[in-house]
Amino acid sequence: CKKNGLSLKMQMGFNMTDSTVHQQLNYYLSLPQEQDVDIYSFHINSTVTSRYAITVITSRVANRLNSSKEIHFQVKIPKNAFISKFKLTTEGKTYDGVVKQKEEAQQQYSQAVSRGESAGMVSSVGRTLEDFKTSVTVAAFSKVTFELTYEELLKRRLGKYQLLINAQPMQPVADYKVKIQALNCINWIDVYIQESPGISFLKVEGELATHELGSARTITIFDKEHMMVNFYPTREQQTMCKRCSENGLSGDLLIIYDVIRPKPSGELQASNGYFVHYFAPTDIQRIPKNVVFIIDKSGSMRGQKIIQTRLAMLKILGDLTGDDYFGLITFDSQVQDWKPELLQATERNLDEAKTFVNMIKARGGTDIDSAVLAGVEVINSHPRQGSASILILLTDGDPTAGETNPESIQASVKSAIQGKFPLYCLGFGFDVSFNFLEKMALENNGVARRIYEDSDADLQLQGFFEEIATPLLTDVQMNYVGAENVTQASFTQYYNGSEIVVAGQITDNSLETFQTEVIAISKHNNVTYQDSVSIIDFTDVLPEDENFIQRLWAYLTVKQLLDRQLTLSDHEKEMVRKKALYLSLKYKFVTPLTSMVVTKPQEEQTQVAHKPSEEESKHDFSMNGELSSNGFNLIFLHYKTDHLMLSTKEIHYYDGQKHQIFTWGQPKKHETDSLSLNLLQNNQMDVTMGTVCVGVLRHEKDGDTFLWPVVKQPPSNMHTKSVLGVLHLHYTEQGSKIKLKDQETKATWSTATDYQNSSTPTVQCWLVPFQFALQGELSDFKVLQL
């Protein structure tokens, strides 16, 4: 421990039997060095009908061995998508995934894990993608086909829709599929887009949109409403992209487009008793805005976070226009107003504000409650007719000063804003309680967005502000005659480049026309958009896609119900949860309330796919260890396919194909695309895996040799209940007691050996119960396997 930070010395989970560790290590050493599995076909087919995308990934794999083999299927899908189908076919038999209530499926999942069987899962991987993983045992010289379907409604941002497709079949594939101008196609992606008002532009970007792969991509324009993108790389081309290798393709394709908007009243479609209304008028004068930025400058923002925040704020301030008014509030344990009132975005005021931003320094605690209430007061004290007010909070941590109870903060903020303007909450990194921010934003007509701790964090902040920088309408109300079960139809503000989407059920069967009305406030006056369309005119939908509007309605309804339940009382929450669960099961969506169970060919085995919430996201990096009397006997680090095992004698590295052994004390530097290992003379090793940097020291004390880890750069996208996740604790001293958040405990002033340094100095520190420091019991930090 350290007096100035109470930083913990243990940095990982622990406890495992020697025999299990040796089995784990032997497993790594016995993995085959050559490809025994042939992914001979990998297809992605996406159909977008009026912004609703249904994507099917099909992988065909052959076991070339003369013995049975466990075959893995792993793909990445967009975070906003719901998996709706999964099936595997082997030896002429198809096994379909069944969507069940999560609690019911979880029991089967636990039983499968307890039997030592692999279980399918969906986990978060970074900003925009989730991993889907599963496996099946395939007989000798047999084949298996995996087919995964997922669905999503494309959201319009900054005047464009983006369809993200990740292609990573893991090795070069060979699929001799006869296609015009694509004979001997190895690997293909087809994207078909149908937009009834017409497509205004379409382009392809992403990691696979390189010059070297240019001849593999084609865009076919059938007419203004129907277009297709094909990606058919040759075997040679599959190794040409930036992230490609001898193992084949690895990267994203980004299909970017927008649609023609002939009517300001929007685009209306209906089929089989369901409708969808897309509303995105453009010929409207922008509304001047009143924007207050509330910036966290507590101690945890120190370093790169505060630097990137300054950079982003300087750019954002430069983008304000002369009829905008703005305010700046910074906070740590106390709140500091730049000015007590809103100021016009004149050149002089902006220059003064930029000087203030450049002087922001990080220190102290986190008083979110007082800061947000101060922002509300600035806006309420300076009303402007014909303007749109916006409140933006940026924070990287939980409340630790002032009012620290999340429910109390949410209640006071909601009472102060009273629905007059939106609150947007930006959570910087993974130490922040995102559920807390999300609920507070949703209760106040805003949204929460995570800002990832990467080199472009300042660009992420700027990008978010660009989305809300140009309000066009306020108090938007969408009305539909003869409809019910309508999705959200009231919106505080509508921004240029975005789109309002409303769907519902048409309940009046006697209607010959379906009427819509949109009432809103523009810069100068109240506006009304009306439309009346004959129901029999809705005949443009392709027969095979005639249910897409119903599925779009179900998708949007479930998404909004899941958001709503965050803001409701327990009784109301349960009712909303039941409705969301009912629709998830009916339409076979894998959501946070459901899981997909797949019965494997062995029949007694099951595996489960579930969709994580933002707080449940799991990531590619993990580190665990086995404790000895003084430190650790063994430490295991995993990153994607890289595995590193450290014992007190040597270091074993396995990259998925090759196994290498390094010895302590012998200087050695080893680098790959995903790992940098640096062995130093003084029994110290530094390793970087992805964005994570860990140092490990080898100590000898009283005849005992042990290892000690030091987390130098934590995972940028980590939020987990583990010792690894407890890097810094902000506490206050109150005599012989220590206060952490809203808890208090007795503490003893003592000394401890600091094994984070090779010199092992003795430092003074407070001794507290580990349950208090770790905010959990010891059992919470044990792992079943390394």
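Me: How many salt bridges does the structure hold?
Reply: The structure holds 22 salt bridges. This is a predicted model, in which local features need pLDDT of at least 70, side-chain atom pairs count only at pLDDT 80 or more, and totals for chains, interfaces and linings use all residues. Residues are numbered from 1 along each chain as its sequence is written, and side-chain values use heavy atoms, with hydrogens and water left out.

Me: Why is the contact of Glu195 with Arg51 called a salt bridge?
Reply: The term means a side-chain nitrogen of Lys or Arg within 4 Å of a carboxyl oxygen of Asp or Glu. The closest N and O atoms of Glu195 and Arg51 are 2.7 Å apart, so the pair counts as a salt bridge. Glu195 sits in the loop between β11 (188-194) and β12 (199-205), and Arg51 in the loop between β2 (37-49) and β3 (52-63), 144 residues apart. Helices (H or I, at least four residues) and strands (E, at least two) are DSSP runs, numbered from the N terminus.

Me: Is Glu195 buried or exposed?
Reply: Buried means under 20% relative accessible area, exposed means over 50%, and partly exposed lies in between (1.4 Å probe, protein chains only). Glu195 has a relative accessible area of 0%, so Glu195 is buried. Arg51 also has 0% and is therefore buried.

Me: What makes Asp258 and Arg156 a salt bridge?
Reply: Their side chains meet at 2.9 Å, N to O. Asp258 lies in strand β15 (residues 251-259) and Arg156 in the loop between β9 (143-153) and β10 (161-167), so the pair ties together parts that are 102 residues apart in sequence. Asp258, at 7% relative accessibility, counts as buried, and Arg156, at 8%, is buried.

Me: Why is Glu352 not called buried, and what is it called instead?
Reply: Glu352 has 31% relative accessibility, so it counts as partly exposed. Glu352 forms a salt bridge with Lys339, the closest N and O atoms being 3.7 Å apart. Lys339, at 27%, counts as partly exposed.

Me: Which residues of α10 are buried?
Reply: Val576, Arg577, Ala580, Leu581, Leu583 and Ser584 are buried.
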